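Visitor: I'd like a close look at one part of this model, please. Could you pick a spot and walk me out from there?

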Amino acid sequence: MLFPTAEFAVFFAIVFGASWLLLPFDRSRKVFLLVSSYVFYGWWDARFVLLLGGSTALNQAGALLVARSAGPARGIALAAVIAGDLAVLGFFKYAGFLALNVDNALLRLGQPALVPLLEVTLPVGISFFTFMGISYVVDVYRRLIAPAGWLDVAVYLAFFPHLIAGPIVRGSDLLPQLRGRPDPRRIELARAAYLIVGGLFKKVVISSYLATTIVDPVFAAPGQASAADILVAVYAYSVQIYADFSGYTDMAIGLALLLGYVFPTNFASPYAARSLREFWQRWHMTLSSWLRDYLYVPLGGSRRGRHRTYANLVVTMGLGGLWHGAAWNFVAWGLLHGVGQVFGHWRRDRRTELDAPSWRRDLLGRVATFHFVCLGWVFFRAGSINTALELLRRLVTDLGTAGFVTPGVLAAIAVGIGTQYLPAGFAASVQERFGRLHPVAQGATIALSLAVISALGPQGVAPFIYYRF
Amino acid sequence: MSARGEPLVATVAQVALVGVVCFALTALLAAPRLARSAPSATVGPRHDLGAAVLTPLAMEPPSEAPSLAPAPSPAPRTPTPHDPLRILVVGDSIATDLGHALAEVAAASGTARVVVDTRPASGLARPDYFDWPSQLAADIRRHDPEVVVVMLGGNDAQPFLSDGVPLQVGTPEWEKAYAARVAGLMEIARGRGRRALWVGLPIMRDAVFSELMAGLDRIYREQASSRDVAYVDSWPLFIDAKGRYAAYLPDASGALAAMRQPDGIHLSLAGANRLAGALYARIAPGQ
């Protein structure tokens with residue numbers, strides 16, 4: 001089920017009602033949440049549920065084993081579980097990619113293509129729940145949390161608001177909440193409504209509009225686009241992916257709030273970042289902190305000297321790119337960000353004194369960072385590295401008239417960038433005003449907002465970009 | 001939660017009330033749009049119920065049918081980079097990938113330009129959902145193409161109403177009615193002196209779906225041959241040496257690449273390029 005559909009609305013209404021009614025029966029309530037999450041997941045393909053159940057069993061059994069072992073056995077148990085998790089992810093996601101590349105290499109060497117080329121269905125959300133499972137077992141190993149009960153862990157991994165496209169919630173965030181009980185008198189309704197309506201607006205109006213009017217046509221057929229088309233299409237895509245992904249996680253966080261659970265934020269005005277390091281502290285925050293804690297730090301982080309730090313950055317970002325998809329253009333995107341981060345580190349390392357704060361330097365930093373990120377998006381969005389290079393080449397050579405740029409496109413881009421620069425108290429004051437309304441007025445406000453969104457948005461529901469991961 | 005506290009939180013009962021009001025109002029406000037899309041449900045009891053419940057709520061005036069005045073036919077000529085060959089591609093979501101790939105091929109040649117107007121989930125079976133004859137006529141008037149390429153059918157293997165009678169896929173009556181619709185669209189595409197090409201559907205990963213698509217291809221081939229429309233057979237391009245569905249085939253550079261998207265239906269970038277190359281060779285041989 002996709003979030004912005006009528007069937008999901010009915011599903012959520014049932015889950016909301018039943019889960020709060022079951023509040024006095026803690027165990028039954030959690031079983032209900034688990035079953036409804038499996039129903040949600042199984043809506044795509046019933047076989048996926050087996051995979052999710054299996055992954056849960058592997059990670060919980062591993063965590064219990066790690067907790068009960070001592071000495072080197074702990075490390076061995078941890079390594080085994082991580083290997084299992086990565087093997088599952090590797091098979092479903094990367095086996096085809098690996099096989100294809102090996103076969104093509106063999107063919108170039110004049111050898112027959114030996115590796116069988118399978119077509120494996122990619123289960124939605126697998127990258128997300130695999131990473132969550134790994135974080136749980138590693139946190140148990142590091143003695144940051146104690147292993148939780150089977151039911152709690154099963155709900156933690158399968159909980160439908162975050163299941164498909166994050167945020168990547170840590171065990172230390174959600175398991176204590178599952179151990180306790182949400183408070184039925186203190187649901188954060190204003191924030192939830194703001195996030196859900198805002199998220200829908202970003203996804204349905206901004207993202208889908210930009211995708212269909214300029215991004216898809218230009219990226220699919222760069223040959224027929226002029227430099228101005230390509231430039232605006234790249235800006236448009238940067239807004240599209242932000243609106244799509246942050247819209248989705250906003251809705252996920254809002255839905256979880258209605259059920260009484262608090263998720264971490266995932267985005268904090270990323271295009272206002274003044275450096276690439278700051279960008280990654282504001283974009284897909286749960287992924288970047290996962291990569292830092294479970295990949296970068298174990299590799300040595302920045303504690304093994306400058307050159308090792310640079311290598312760790314490139315490897316971490318490259319693998320982060322690969323996580324997004326089994327294709328070389330995603331790896332290129334990741335490596336580009338890795339090299340960019342190395343450059344930023346190198347500049348900071350060379351600094352002999354702290355710079356005084358300066359609005360000029362901030363502005364330059366914001367513009368430069370935003371454009372570097374846009375460069376990365378060209379590789380992320382283009383179907384192949386060749387297409388990306390063609391787009392970049394035409395950007396500087398083909399100065400024709402812009403066929404795809406319309407006032408509507410420019411307005412949508414401006415709105416998208418504008419959301420990065422909202423005044424600090426804006427969200428809080430909107431939520432407060434909403435909160436003071438009578439419940440009937442609140443319902444009417446939401447309904448009217450949905451009607452406006454529906455009128456402004458294109459027909460039909462396109463899946464969220466990130467749900468493919 | 002802010003320090004000012006109380007307006008930002010609510011009880012379950014309040015949230016439930018908000019939800020009920022929101023649902024009721026949304027249903028009322030969305031009725032016109034739902035009424036338009038209710039016909040998209042498969043013909044049968046759900047379709048009739050949806051239409052019966054929502055049409056009175058919608059209270060929308062019926063939309064006017066566009067006039068179908070025939071457009072003047074373009075004069076024959078040799079295209080140049082300054083006056084490229086105007087190609088129009090229409091169809092469903094499979095045609096989208098083909099259209100964009102064809103645009104790339106055309107741009108590389110420099111003597112053709114492609115306009116793509118494709119609509120996901122569309123076809124000829126359900127004009128109540130999307131009316132291709134009207135849209136194609138409007139596109140032809142607007143863009144004045146010299147070549148029209150049509151590719152659809154992926155969404156057409158379903159029952160539809162013909163003069164109020166539901167027809168089931170596979171029956172002779174269904175085939176006859178569908179063939180008539182194909183003929184009608186071909187007439188519009190062909191116009192007077194315009195070149196029209198109809199691209200057949202490729203083999204599908206799912207055997208049952210593949211059979212259905214092969215059946216549609218037979219109808220397209222038949223109708224095309226009697227109407228001076230070129231039929232482009234995509235079937236041979238996506239099979240292996242044994243005639244079976246091939247997920248991986250050599251691309252333009254000779255490396256193996258996935259020809260289809262994960263659903264086993266739509267074309268991947270490499271697959272679309274393969275088909276577009278063959279199609280362009282038919283449209284502009286030697287260029």
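Guide: Let's start with A:N104, which counts as buried because its relative accessibility is 11% (buried means under 20% relative accessible area, exposed over 50%, partly exposed in between, with a 1.4 Å probe and protein chains only). Keep in mind that this is a predicted model, where local features need pLDDT of at least 70 and side-chain atom pairs count only at pLDDT 80 or more, while totals for chains, interfaces and linings use all residues; pLDDT is the predictor's confidence in each residue, from 0 to 100. On bookkeeping, residues are numbered from 1 along each chain as its sequence is written, chains are lettered from A and ligands numbered from 1 in the order written, and side-chain values use heavy atoms, with hydrogens and water left out.

A:N104 sits in helix α4 of chain A, residues 72-108 (helices are DSSP runs of H or I, at least four residues, and strands are runs of E, at least two, numbered from the N terminus). Leaving aside residues up to four places away in sequence, A:N104 touches B:A255 and B:L256, where contact means heavy atoms within 4.5 Å.

That takes us to the interface. There, 37 residues of chain B are in contact with 49 residues of chain A. The buried area between the two chains is about 3600 Å², with 65% of it from carbon and sulfur atoms; buried area is the accessible area (1.4 Å probe) that two parts lose on being put together, summed over both. B:L256 turns up again here: along with B:L8 and B:Y248, B:L256 supplies 16% of the area that chain B buries against chain A, more than any other three residues.

On the chain B side, α1 (12-37), α3 (93-109), β2 (112-118) and β9 (256-258) each supply at least two of the residues that touch chain A. The largest share, 14 residues, comes from α1(B).

How far to trust the pairing? The predictor gives the complex an ipTM of 0.84 and a pTM of 0.87.
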